[in-house]
Amino acid sequence: MRFATIVLAAVLLASPAAAQTGGNAIPTTTISLGTATPGGGFPLYGNAFAEVMNAVDPQMSIAPRNTKGSNENIPLLEKGELDLALVAGEPAYEAFAGIGRAPVRLKILTAIYSNPGMFVVRADSPYKTIRDLVGQPVAFGAKGSGLPILARYVLDGLGLKQDEDFKAVYLDRAGDGPAMVEDGRVAALWGAGIGWPGFAAVASSPSGARFIAPSADEMTRIRAKHAFLKPLLVPANSYPTQTAPIASLGSWSFVLTREDLPDDVAYRLARTLHGVEAAFCKKLAQACETTASNTVAAAPKAELIHPGVMKYFREIGVVK
């Protein structure tokens, strides 16, 4: 009964928007997608995701929506107020594991990209290591986003506390951080990912940028305490003037679905998404990591992947 209600409601809500084929109206199913605050990586990715998907499937309209980020997206999915949402790896890990809350029953639609975490400072700043930043004002990301959570785990592995050992700043908008680095209001900006807009903005500024990631010894210490964090690499030339690769730690971000998203809708989304992997990669560099094989590898457990997605993965041979 619940399944029928969901499907019927989706069709009725979507009926004002319809694709026209040969004079016949074909109902368009509208899928809501929660992203994050403007200026961050999630809105950039989410808008590109919707554009690529909508261009090839006129019967399904993905509608991105700015939110406060991962920590708001999870409860919105649980309440059924979003169909899909972008969620960073650390909040997803805590939600699935039931850390500080009951475990969620949400599902993974796809892994989107890896998130090696690091700090960015002005190229002319005196700061060279994470320890150099102790006692300094540091912007750790937008309130409600997953970035401060990733930073908390990384720093905890080094015996540091985000709100005690640093003058922690939490942003109302992710896009506010680069200007604060440039004008000296903060010594550093914490971020993650390849092609992350905040890093790109600082690296393109007149002052230029230098990146600070954990050293090899520090990564060993961090992983000894938080093994779910994975060694990741930011390739050379991912940002202006970044001529050498940067090794760091992080996790994979996901597009999660509400628990009761129908299997046929999840199957259709997966088939559409992975059918346009090349076009998505061409549109957005970060999306080159959005592949079926990466989703299987990145999921903490296979059963967390939506059954409709797993049906498609079995069809294409990614899983047995």
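**Entry 1: helix H10**

I started with H10 and looked up which of its residues are buried: Val-265, Ala-266, Tyr-267, Leu-269, Ala-270, Thr-272, Leu-273 and His-274. I'm keeping in mind that this is a predicted model. H10 runs over residues 263–275, which gives it 13 residues. I checked its span too: from first C-alpha to last it reaches 18 Å, close to the 18 Å expected at 1.5 Å a residue.

**Entry 2: what H10 packs on**

Next I looked at H10 together with H2. Their axes are 10 Å apart, and the helices pack at an angle of about 100°. That angle makes H2 roughly perpendicular to H10, because anything from 65 to 115 degrees falls in that class. Which residues make the contact? From H2 I noted Phe-49, Met-53 and Val-56, and from H10 Leu-269, Thr-272 and Leu-273.

**Entry 3: the cores**

Leu-269 and Phe-49 turned up again when I looked for the largest nonpolar core. I found 56 residues in it, and those with the most contacts inside it are Tyr-45, Phe-49, Leu-84 and Leu-269. Which helix gives the most to this core? My note says H2, residues 41–56, with seven residues. Apart from this core lies another, of 44 residues, and I wrote down Leu-171, Trp-190, Ala-192 and Ile-222 as being among them.

I then followed up Leu-84. Setting aside residues up to four places away in sequence, I see that Leu-84 touches Phe-49 and Leu-269, and its list also includes Ile-31, Leu-33, Leu-77, Leu-109, Val-255, Leu-256 and Leu-261. Ser-32, Gly-34 and Thr-257 are on that list as well.

**Entry 4: Glu-81**

Is Glu-81 buried, partly exposed or exposed? I have it as partly exposed, because its relative accessible area is 42%, and that class runs between 20% and 50%. Leaving aside neighbours within four places in sequence, I find Glu-81 in contact with Ser-32, Arg-65 and Leu-76. I also looked up how far Glu-81 is from Arg-258: they are 177 residues apart in sequence, but 8.7 Å apart in space, C-alpha to C-alpha.

**Entry 5: the disulfide**

How many disulfides does a search of the whole structure find? I got one. It joins Cys-281 to Cys-288, with an S to S distance of 1.9 Å. As a reminder to myself, a disulfide is a covalent bond between the sulfur atoms of two cysteines. I checked the handedness next: the torsion about the S-S bond of Cys-281 and Cys-288 is about 75°, so the disulfide is right-handed. Cys-281 counts as partly exposed, at 28% relative accessibility. Cys-288 is partly exposed too, with a relative accessible area of 38%.

**Entry 6: positive phi in a loop**

Last, I went through backbone angles. Most residues other than glycine have a negative phi, so I wrote down two that go the other way.

- Asn-237 has a phi near 70°, a positive value in a residue other than glycine. I placed it in the loop between strand E11 (230–234) and strand E12 (246–257). Asn-237 is exposed, with a relative accessible area of 59%.
- Thr-241 has a positive phi of about 65°, although it is not a glycine. I found Thr-241 in the loop between E11 and E12. At 64% relative accessibility, Thr-241 counts as exposed, because the cut-off is over 50%.

Definitions and conventions
Residues numbered from 1 in each chain as written. Predicted model: local features only at pLDDT ≥ 70, side-chain atom pairs only at ≥ 80, totals over all residues. Heavy atoms only, no water. Core = buried A, V, L, I, M, F, W, Y, C linked by side-chain atoms within 4.5 Å. Buried < 20%, exposed > 50% of the residue type's maximum accessible area, 1.4 Å probe, protein only. Helix = DSSP H or I, 4+ residues; strand = E, 2+ residues; numbered from the N terminus. Contact = heavy atoms within 4.5 Å. Expected span 1.5 Å × (residues − 1). Disulfide = S-S within 2.5 Å. Axes fitted to C-alpha atoms, helices over the stretch in contact; angles between N-to-C directions. Parallel < 35°, antiparallel > 145°, perpendicular 65-115°, else oblique.
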